[in-house]
Amino acid sequence: MIIGGIEYRIIDVYDQSITVPDSFVINENKTGKGHGEAKLYMGSKDSMRNFYAGNPNEAGFTVNCFVLKRDLISLLKTIKHEYQYPSIKYRGIGEGKNMLKLWKSRMEYAGTLPNKISFVVKDQQQIIGPRGYVNSTRNRKGYDLIRTMALPFVSYISVMKVQEIQTQEVSYYWRPFADFTQMASMQYAAQNYGRGKKDNTQHRKSQLKYREELYNEFHHCPFTQIDEFRLLVASHIKPYAVSTKKEQSDSNNGLMLSPLYDKLFDKGFISFDDNGHILISEWLSPKNQELISFDYSPMDLNLNAQRRKYMKYHRENVFK
């Protein structure tokens, strides 16, 4: 991995994504009444300390981390739809009932940042219980940038442990992503609040038709060859949350996958080039890559011209 002209070796990837909660983001991004303490829940203390300190029993670690300018810009571009058409009442919503003014100012500011922004995180060992938290107490610019750019619930953070080849220095690469599944769920709830059963039934019928059209084209999952309709998922290539109504029901905007591969595709751990060759993200840990079979025939993806256009969006906006 090359970052800013420096070569890094990937040591490990944290085995869970960290959802960005309301308590973590700055006030303009919040949906609740509290102010929050900017600490971030990382999972169990054991798994957190094992990843950062190499020992589940080693409390009080302090580690060097960084976030990249390009990743902050990519996040802002990806969740622009949520800034423009908020599905929750964020505090920063302006007169136009959106946060586009905030989005534009943040994009402009992100453009002025250095390519790599460092920060330090520290184990919040004073918190009693099994839940692990970190916070940044000094040199915290990168940490606060994530708090500023990300929106709660529709964003998450992945962390990679890397080592600089030349100096052997170990650090932690934090990257924020959009959670398209959660975004779609929030949008659906907001759009259908107070509507009757008739509207929900029409939505279900539309998605069932989309699913049936995909099944009739694919007949099985390219990876597992499973052909049982009830065990397959109609996966949107361009995520449902950022698709137009026409794109949401266009069977060319879909693949028929088994649940594991649907999740890998949905979370951006895999994608495909125009010839159907698989792309596997570095954010999928080496251990999990070894456990998963990626054998398939590219021909089974049925990549027609329209599907290739959707796949281009997936590679540029969803693939990690």
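Helix α2 passes helix α4 in a left-handed crossing. A crossing is called left-handed if the near helix is turned anticlockwise from the far one by less than a right angle, and right-handed if clockwise. The model is predicted: local features need pLDDT of at least 70, side-chain atom pairs count only at pLDDT 80 or more, and totals for chains, interfaces and linings use all residues. Residues are numbered from 1 along each chain as its sequence is written, and side-chain values use heavy atoms, with hydrogens and water left out.

Helices (H or I, at least four residues) and strands (E, at least two) are DSSP runs, numbered from the N terminus. Helix α2 spans residues 69-78 and α4 spans residues 100-110. Their axes come within 10 Å and cross at roughly 160°. That makes α2 roughly antiparallel to α4. Axes are lines fitted to C-alpha atoms, for helices over the stretch in contact, and angles run from 0 to 180 degrees between N-to-C directions. Angles under 35 degrees count as roughly parallel, over 145 as roughly antiparallel, 65 to 115 as roughly perpendicular and the rest as oblique.

On the α2 side, Lys69, Ile73, Leu76 and Lys77 make the contact. Their partners in α4 are Trp103, Arg106, Met107 and Ala110. Contact means heavy atoms within 4.5 Å. By class, this α2 to α4 contact has five nonpolar, no polar and three charged residues. Ala, Val, Leu, Ile, Met, Phe, Trp, Tyr, Cys and Pro count as nonpolar, Asp, Glu, Lys and Arg as charged, and the others, Gly among them, as polar.

Helix α2 also packs on α5 (residues 141-149), at an angle of about 10° and with the axes 10 Å apart. The two helices are therefore roughly parallel to each other. Here Leu72, Leu75 and Leu76 of α2 meet Leu145, Ile146 and Met149 of α5. This contact of α2 with α5 has six nonpolar residues, no polar and no charged ones. An α-helix has 3.6 residues a turn, so residues three or four places apart point the same way.

Helix α2 is mostly covered, with seven of its 10 residues buried. The buried residues are Lys69, Asp71, Leu72, Ile73, Leu75, Leu76 and Thr78. Buried means under 20% relative accessible area, exposed over 50%, and partly exposed in between (1.4 Å probe, protein chains only).

Helices α4 and α5 pack at about 155°, with axes 11 Å apart. They are therefore roughly antiparallel to each other. Their crossing is left-handed. Arg106, Tyr109 and Ala110 of α4 contact Lys141, Leu145, Thr148 and Met149 of α5. These residues divide into four nonpolar, one polar and two charged.

The largest nonpolar core holds 49 residues, of which Leu40, Met42, Tyr52, Ile157, Val159 and Trp174 touch the most other members. A second, separate core of 36 residues includes Ile3, Phe177, Leu214 and Leu264. A nonpolar core is a set of buried Ala, Val, Leu, Ile, Met, Phe, Trp, Tyr and Cys residues joined through side-chain atoms within 4.5 Å.

Tyr8 lies in strand β2 (residues 6-13). Tyr8 is buried, with a relative accessible area of 4%. Leaving aside neighbours within four places in sequence, Tyr8 contacts Met1, Ile3, Lys116, Val162, Gln163, Glu164, Ile165 and Ser171. The C-alpha atoms of Tyr8 and Val170 are 9.2 Å apart, although 162 residues separate them along the chain.

Ser235 sits in strand β10 (residues 233-236). Ser235 is buried, at 2% relative accessible area. Beyond neighbours within four places in sequence, Ser235 is in contact with Tyr210, Leu214, Asn253, Gly254, Leu255, Leu257, Asp262 and Phe265.

Asn252 occupies the loop between α8 (245-248) and β11 (254-257). Asn252 is buried, with a relative accessible area of 15%. Not counting residues up to four places away in sequence, Asn252 touches Ile237, Asn304, Gln306, Arg307 and Tyr310.

Two loop residues have a positive phi without being glycine. Phe153 has a phi of about 75° and lies between α5 and β8 (155-164). Phe153 is partly exposed, with a relative accessible area of 29%. Gln168 has a phi near 70° and lies between β8 and β9 (170-178). Gln168 is partly exposed, at 47%.
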